[in-house]
Amino acid sequence: MQQRFHVTGMTCAACSAGIQKTVNKLDGVKKAEVSLMGQSMTVEYDESAVDAEKIVAAVVALGYGAAVADGEKEKGEERQERRVNAFGEEARKLKLRFFVSLGFLVPLFYLTMLHHMAGAPLPYFFDMHRCPENFALLQLILTTPVLFINFAFFKSGIRALFKRVPNMDTLVSLGAAVSYLYSVVVMFVMPFGDAHALVMDDLFFESAAMVLTLVTLGKWLEARSKGKTGEEIEKLLKLAPDAVTVERGGEMKTVRLAEVARGDIVVVRQGDSIPVDGVIVSGESFVDKSAITGESLPVEVGEGDFVTSASVNKGNVLRIRAEKVGEDTVLSKIVRMVREAGTSKAPIEKAVDKIAGVFVPVVLGIAALTFAVWMILWGTGAVGVSVPEILSMSISVLVISCPCALGLATPVAVMAATGRGASMGILYKDAEALQKAKNVGCVLLDKTATITEGKPRVTDILTCGGYSQADVLAAAGAVERSSNHPLAACLVERAQAEGVSFPETEGFSYAAGMGAAARCAGKECLIGNLRLMREHSVETADAERDAARLSDEGKTVLYFAQNGKLAALFAVADVIKEGSAEAVAGLKERGVTPVMLTGDSAGAARAVARQAGIERVISEVLPQDKLDAVIESKKTAVTAMVGDGINDAPALKEADVGIAMGNGTDVAIDSADVVLVGGDLRAVNAAIDLSRATVRNIHQNLFWAFIYNLLCIPVAAGVLYAVGVVLQPMYGALAMSLSSVFVVTNALRLMRFRPKGAKTLPACTAESCSIKNQEDKSMQKIIKIEGMSCMHCVGRVESALNAIEGVKATVELKKKRAVVQTDVADETLVKAIEDAGYKVVGIKEGK
């Protein structure tokens with residue numbers, strides 16, 4: 001059985017390592033993993049040998065809090081809120097402790113630094129030269145409250161020491177306790193010795209107070225920084241509204257989000273977040289999906305379109321039928337996936353954990369050895385070192401050592417990176433996938449719905465014999481309306497997009513493997529392949545060259561004839577997605593080899609590969625062949641597989657890094673290591689870039705943590721004593737605190753990560769969306785355009801329109817239209833479009 005537990009009270013990597021070590025020793029526990037950043041523990045155990053209560057008891061006995069987490073019932077929002085609240089509460093407590101401690105430290109600092117070293121004035125009865133005993137007593141009075149204020153260090157550290165799992169609190173508490181107790185002993189010796197000399201050189205009260213105060217400061221800054229790693233998830237959670245308007249029994253009711261049920265009609269007004277995943281039953285608007293997909297510009301939606309939670313309605317009122325609610329929504333799944341990825345452990349972190357597990361005992365040994373060696377040298381008189389200096393060096397070793405920097409180097413970077421990835425529409429399922437993506441050298445790309453749109457479209461219409469495009473499209477669409485063939489549907493869709501009217505048909509018949517026939521407007525119409533034309537003795541010689549060219553481009557050619565004469569050729573193809581060619585070029589720039597896998601024929605595959613810029617193609621493959629291709633590729637390079645379908649699942653599972661398109665099947669998504677929520681292939685490059693940036697950041701953190709400890713511990717131990725350098729404990733505590741803060745702050749830079757070559761796009765504002773205000777509405781025109789078939793056509797039309805002064809135009813290929821903001825006359829707009837080679841079939845005022 002596998003169970004998740006909440007763990008509280010952990011302050012450093014030694015804490016998590018100690019808990020993990022203790023739980024792993026329990027009989028019946030197969031594997032335990034503790035996440036410092038996630039404040040959680042996952043345990044796999046045999047229920048017959050151990051139960052959850054024993055595991056909780058073992059953690060509590062170490063001085064930490066523990067409780068079973070109900071993974072089935074507990075919501076992702078609640079888990080994230082608990083984690084954020086934990087860091088926030090910790091930061092508030094530490095802030096209070098720091099400022100109260102500082103209130104005692106400032107006068108203590110005045111005594112020991114300004115008065116002692118600079119001769120700053122003090123009342124006669126506290127002057128160190130006239131009344132050294134009173135001077136020492138005042139230090140004791142000011143230091144003691146600081147120890148009690150920060151007693152948590154002693155409670156955690158000493159208990160961990162007795163349980164044989166020492167942590168950072170052990171080092172800090174021992175250093176402060178030794179400084180304080182030694183100073184108290186010196187006070188009692190004063191009446192029997194040279195009080196002035198003792199108070200000058202042998203008191204360490206300020207060191208004890210300074211160590212505790214500076215470590216508390218470091219912990220406070222660290223807690224604040226750790227809390228920021230969940231900011232991206234907090235932003236997503238805020239998109240889930242507390243109250244939702246639903247239609248029930250013909251009435252509008254406001255209910256809590258948790259009360260929305262599948263099938264409810266949800267009403268979403270302008271500016272509101274969409275609370276569920278569902279289908280629009282009425283209304284047209286623009287929705288901002290940037291929080292989920294990373295797309296900066298709003299997307300137009302209308303009746304029948306599927307929308308997801310966490311999208312923001314930027315326009316008119318929408319009525320949505322809830323299909324997925326609660327934990328099944330896209331928002332909930334993303335939050336859960338990012339949280340689990342953020343608290344998982346990368347391979348590199350597991351190695352660091354082993355070091356952190358022995359770090360504190362080793363430091364304790366070094367401190368003891370430092371004290372012993374210097375005392376021997378002092379006893380033999382070989383070196384003119386004093387006991388206070390020996391004590392200072394031993395204490396400095398304790399407080400300067402920093403297991404936190406080691407322990408935080410990886411988990412903070414992982415959590416920051418997974419959160420940043422989520423904001424860009426990239427979901428890593430675990431830290432291992434995040435680390436592995438850095439080394440990807442070959443990417444196998446499924447063609448259908450990954451490189452291409454996955455839906456056939458009419459790309460070319462070539463007319464013959466004097467027929468107009470509108471006439472043949474209307475007649476062919478009328479015939480195909482009676483067919484259920486997939487290619488028939490795309491032809492009807494094109495006709496509807498062009499706004500043509502369908503004439504009545506009769507006598508429809510379908511010939512399997514050839515095409516369809518019907519009588520349309522008094523004419524005998526045929527539409528199908530070349531075999532159908534030959535079957536009815538339709539002459540096609542004049543169109544053979546065009547048909548061959550279209551076939552070479554990987555397109556399916558449909559012949560259309562009326563009354564025995566060829567009237568048109570329709571070319572149908574699964575066109576490549578916008579951005580696919582850019583994505584492939586980006587992979588090559590990064591030194592990654594793209595390979596296309598497809599079940600299509602070699603000719604069709606090569607045509608698509610040429611458009612995408614891919615040189616290597618493996619065609620006519622079955623699911624097993626895709627799996628074999630992944631296995632073969634892994635022999636020479638770290639391999640990623642990108643796919644979206646059920647047939648891609650085995651290959652996604654086998655690949656070093658499986659990447660699923662977010663608009664693909666649930667099976668593919670479940671089999672993958674990374675999910676691209678927006679379904680944009682360019683996000684593969686961003687995923688690789690983020691992985692590389694994260695691993696680079698982790699290496700920087702680990703380098704600093706190791707170098708810091710390797711250099712500072714010997715200096716604290718006195719290796720530079722011969723040149724007069726003896727490190728004071730207060731400086732050691734400051735260095736230790738800053739070390740942790742540096743590591744966390746460096747990791748937080750990942751939250752500002754931008755992929756290589758990324759462009760800054762304007763955010764969607766009330767001024768930038770075309771339907772936002774009444775002024776924009778009065779200037780909006782929608783122009784229906786005939787003849788556009790690809791993104792090149794879109795570019796030409798947009799360029800032509802935007803070249804006109806006072807025109808802002810966006811062209812939509814799918815709807816065959818241009819949305820224009822302008823006061824320019826219609827005639828000017830029509831002329832610009834027709835000069836570009838396209839036909840305007842209608843202009844209307846936008847809503």
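This is a predicted model: local features need pLDDT of at least 70, side-chain atom pairs count only at pLDDT 80 or more; totals for chains, interfaces and linings use all residues.

Visitor: What makes S5 and S6 paired strands?
Guide: A pair needs at least two bridges, and 6 bridges join strand S5 (residues 243-248) to strand S6 (residues 251-256), so by that definition S5 and S6 count as paired. Within this antiparallel pair, Val246 stands opposite Lys253 in S6.

Visitor: What lies between S5 and S6 in the hairpin?
Guide: There are 2 residues between S5 and S6, and in the turn Gly249 has a positive phi of about 65 degrees.

Visitor: How do you know that S8 and S11 pair?
Guide: Strand S8 (residues 277-282) is joined to S11 by 2 bridges, and because the cut-off is at least two, S8 and S11 count as a pair. Val279 has Phe306 in S11 as its bridge partner.

Visitor: Why are S6 and S11 called edges?
Guide: The open sheet has 6 strands in the order S6-S5-S7-S13-S8-S11, with antiparallel pairing. S6 and strand S11 (306-307) each have a single partner strand, so one side of each has no neighbour in the sheet.

Visitor: What makes S17 and S18 a pair?
Guide: Strand S18 (residues 515-520) is joined to S17 by 5 bridges, and the definition asks for at least two, so S17 and S18 are paired. Thr505 stands opposite Cys520 in S18.

Notes. Residues are numbered from 1 along each chain as its sequence is written. Side-chain values use heavy atoms; hydrogens and water are left out. Helices (H or I, at least four residues) and strands (E, at least two) are DSSP runs, numbered from the N terminus.
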